[in-house]
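I opened this structure to see how its ligand is held. My notes follow in the order I looked things up.

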Amino acid sequence: MSATALPPTAPKPPMLPKPVSRQAALVLTHDLVNAEYRHLVLRTDAIAAGAAPGQFFQLLCPAPPGEAPFLRRPMSLYGADPAAGTVEFLYKVTGAGTRGLATLPVGGRLDMLGPLGHGFVLNPAWRHVVAVGRGVGLATLGPLAQQARGMGIGVTAILSARRPELMLSDMLFRRHGAEVLAVHDHDGTSAPGAVEAMLRRLIAAGRCDAFFTCGSARLLRLQQRLAREFGLPGQVALEQQMACGLGMCFCCVRDFEVGGRTVHKRVCWDGPVFDMLEAVA
Ligand SMILES: Cc1cc2nc3c(=O)[nH]c(=O)nc-3n(C[C@H](O)[C@H](O)[C@H](O)COP(=O)(O)OP(=O)(O)OC[C@H]3O[C@@H](n4cnc5c(N)ncnc54)[C@H](O)[C@@H]3O)c2cc1C
Ligand code: FES
């Protein structure tokens, strides 16, 4: 069906406070996924376990030896199971905060605040959507597969990584019935021209009612160009350094183009998921 006929899909800023909890969540498992990423599963209360794809938590990371990470660190939801009372994160060790996170033992506790922001919005009228992500963005997009499957919406995921061994979320997408197209730098399949050819094939086959993307400004620009050419909607989950994560400090403000005007929005409060066509990449 024509995506241009669909109602606007841009998530709206929350009008009312949503339930948010702060808790010392119990670490159930904490495993290395590959050379760069770790998978953390926590037992949480019902509010946290009710988080939606695209939302995030503010984590008070433990201090690693000799360091004192200041402020909480934002982390996207990788999985939530209300029945089991669990929340999952997939993260890359990059600095003091995530180095501290990596020291958490099974049976330890993590101070987490959330869920925060608002996530992806799926239109029940869509039949098939395309998720395009890279790096840490693959963790953010992963839970979309389950949400889409629950609504009977098919997904093709174009997952980009530097090397095959650094691929993330591919199993999660496959488990929920998505078609996975893995692309890599080492063989040139992740080059913009190659990804564009894949996207054009999906659009021509009627398998792209909307784009969902995270983790790459280059891939965002490519999808914006195709979305404008074919009149398709899309959503992007943005990452921005944050302090409060609660809409109060304005340190996460970015420019957006809305109706021909530049407007400023807080990524933590107005997003982190935005209308893809309004994002300035
Ligand atoms: C909404 C949101 C969701 C996120 N989800 C995930 C996720 O699921 N998995 C994951 O691994 N990471 C995620 N991140 C990024 C994560 O918050 C940063 O990697 C983390 O804050 C780094 O903290 P650190 O103390 O380890 O490193 P720092 O010492 O603070 O920084 C290390 C490096 O990472 C950069 N950096 C720090 N914070 C951010 C940020 N917010 N965005 C981009 N670069 C940053 C710094 O500029 C520096 O170069 C997310 C960020 C946001 C805003
Ligand atoms: S991080 Fe404070 S307003 Fe967004």
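**Entry 1: polar contacts.** I began with S76. One of its backbone N or O atoms lies 2.9 Å from a nitrogen atom of ligand 1. I kept in mind that this is a predicted model.

I went on to K92. A polar backbone atom of K92 is 2.8 Å from an oxygen atom of ligand 1. Then I checked T98. Here the side chain takes part: one of its polar atoms lies 2.3 Å from an oxygen atom of ligand 1.

How much of the accessible area of ligand 1 does the protein cover? I noted 76% of the 850 Å² that ligand 1 has on its own.

**Entry 2: the site.** I looked up where ligand 1 sits.

Next I listed the neighbours. I found 19 residues around ligand 1. The closest are R73, P74, K92, G97 and T98.

I sorted the shell by class. Nine of its residues are nonpolar, seven are polar and three are charged.

**Entry 3: which elements build the shell.** Strand β4 (73-76), strand β6 (86-92) and helix α2 (96-101) each supply at least two residues. Which of the elements gives the most to the shell around ligand 1? I found that β4 does, with four residues.

I also checked the domains. Domain 1 (21-116) gives at least three residues to the shell around ligand 1, and domain 2 (121-278) also gives at least three.

**Entry 4: cis peptide bonds.** Where did I find cis bonds? I noted one between G114 and P115 and another from G271 to P272.

For the bond joining G114 and P115, omega is about 0°. I placed P115 in strand β7 (residues 109-116).

For the bond from G271 to P272, omega is near 10°. I placed P272 in a loop, between α8 (267-270) and β15 (273-275).

**Entry 5: recap.** I come back to the ligand.

How values were computed
Residues are numbered from 1 along each chain as its sequence is written. Chains are lettered from A and ligands numbered from 1 in the order in which they are written. This is a predicted model: local features need pLDDT of at least 70, side-chain atom pairs count only at pLDDT 80 or more; totals for chains, interfaces and linings use all residues. Side-chain values use heavy atoms; hydrogens and water are left out. A residue is near a molecule or strand if one of its heavy atoms lies within 4 Å of it. A polar contact is a pair of N or O atoms within 3.5 Å; within protein, one must be able to donate a hydrogen and the other to accept it, and residues adjacent in sequence count only if both atoms are side-chain atoms. Accessible areas come from the Shrake-Rupley method with a 1.4 Å probe; for residues, only the protein chains shown count as cover. Ala, Val, Leu, Ile, Met, Phe, Trp, Tyr, Cys and Pro count as nonpolar, Asp, Glu, Lys and Arg as charged, and the others, Gly among them, as polar. Domain bounds come from an automatic or database domain assignment.
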